[in-house]
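Have the viewer open and follow along.

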Amino acid sequence: EMQNLIDSINERGILTPLTVRKITGTEYEIISGHRRFYAAKKLGFEMIPAFIYELTYEDAVIAMVDANLQREHILPSEKAKAYKMKLDALNHQGQTSCQLGEKWSVTQISEAANESERQIHRYIRLTNLIPELLDLVDEGKIALTPAVERSYVNEVEHADVVEEIRVYDATPN
């Protein structure tokens with residue numbers, strides 16, 4: 001996919017500007033467009049079109065997560081981390097802003113993402129897995145439901161599961 005993006009940018013240029021926020025006088029943080037930035041950098045671009053927005057850290061996280069969730073191919077681990085980041089940012093934003101009046105909940109995230117609350121909870125649970133187990137989920141070797149069930153045990157037991165998978169060449173179901 002990255003090579004296709006590089007080829008496309010090489011042929012047509014960057015059609016959609018990056019979204020960035022100013023951090024200091026000369027420093028900017030990319031909110032949306034990390035892959036386009038990387039592809040342009042590989043091609044040797046010195047200038048890249050970008051929209052600059054004044055965003056708080058929490059607003060930047062929410063915008064970044066929303067942009068990433070719109071990608072065509074997103075790994076379960078990416079979705080899990082994105083939903084967790086968004087929930088944390090929205091809750092933190094709710095704690096510091098009198099204008100919101102209430103904290104965001106999984107219900108509100110599920111409505112925005114067009115996924116059930118249960119599914120949002122399940123993805124967020126994946127963030128409790130050790131990286132080796134999460135990689136197996138991303139590779140499709142462990143389905144979402146067994147992975148979520150594994151997320152309730154401690155890291156030592158996670159490591160034992162990884163070892164059993166390696167020894168027996170079998171995955172939980």
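In α3, the buried residues are Glu58, Ala60, Val61, Ile62, Met64 and Val65, where buried means under 20% relative accessible area, exposed over 50% and partly exposed in between, with a 1.4 Å probe and protein chains only. Helices here are DSSP runs of H or I with at least four residues, strands are E runs of at least two, and both are numbered from the N terminus. This is a predicted model, so to speak of local features takes a pLDDT of at least 70 and side-chain atom pairs count only at pLDDT 80 or more, while totals for chains, interfaces and linings use all residues. Residues are numbered from 1 along each chain as its sequence is written, and side-chain values use heavy atoms, with hydrogens and water left out.

An α-helix has 3.6 residues a turn, so residues three or four places apart point the same way.

Now α5. Val106, Ile109 and Ser110 are buried there, and they line one face of the helix, since they fall within an arc of 100° when you look down the axis. The face turned away from that buried side carries the exposed Glu111 and Ala112. Just after α5, Asn114 takes a positive phi of about 60°.

On to charge pairs. The whole structure has seven salt bridges, each a side-chain nitrogen of Lys or Arg within 4 Å of a carboxyl oxygen of Asp or Glu. One of them joins Glu163 and Arg166, with the closest N and O atoms 2.5 Å apart. These two are three residues apart in α9 (residues 155–168), so about one helical turn separates them. Glu163 is partly exposed at 36%, and Arg166 is exposed at 57%.

Another salt bridge pairs Lys79 with Glu115 at 3.0 Å, N to O. Lys79 lies in α4 (76–96) and Glu115 in the loop between α5 (106–113) and α6 (117–125), so the pair ties together parts that are 36 residues apart in sequence. Lys79 counts as buried, at 17%.

Last stop: the largest pocket, with a volume of about 550 Å³. Of the 19 residues lining it, the closest to its centre are Leu5, Gly33, Arg35, Arg36 and Arg71. On a 1 Å grid over the protein atoms alone, a pocket is an open set of points with protein on both sides within 12 Å along at least five of seven lines, and lining residues have an atom within 4 Å of a point. Grid points are joined across faces, edges and corners, and the volume is the space filled by probe spheres set on the points. Helices α1 (2–12), α2 (34–42) and α3 (57–69) each supply at least two lining residues.

Notes. Arc of directions from axis to C-beta. 1 Å grid on protein atoms, 1.4 Å probe; cavity = no way out; pocket = protein on both sides within 12 Å on 5 of 7 lines; lining within 4 Å.
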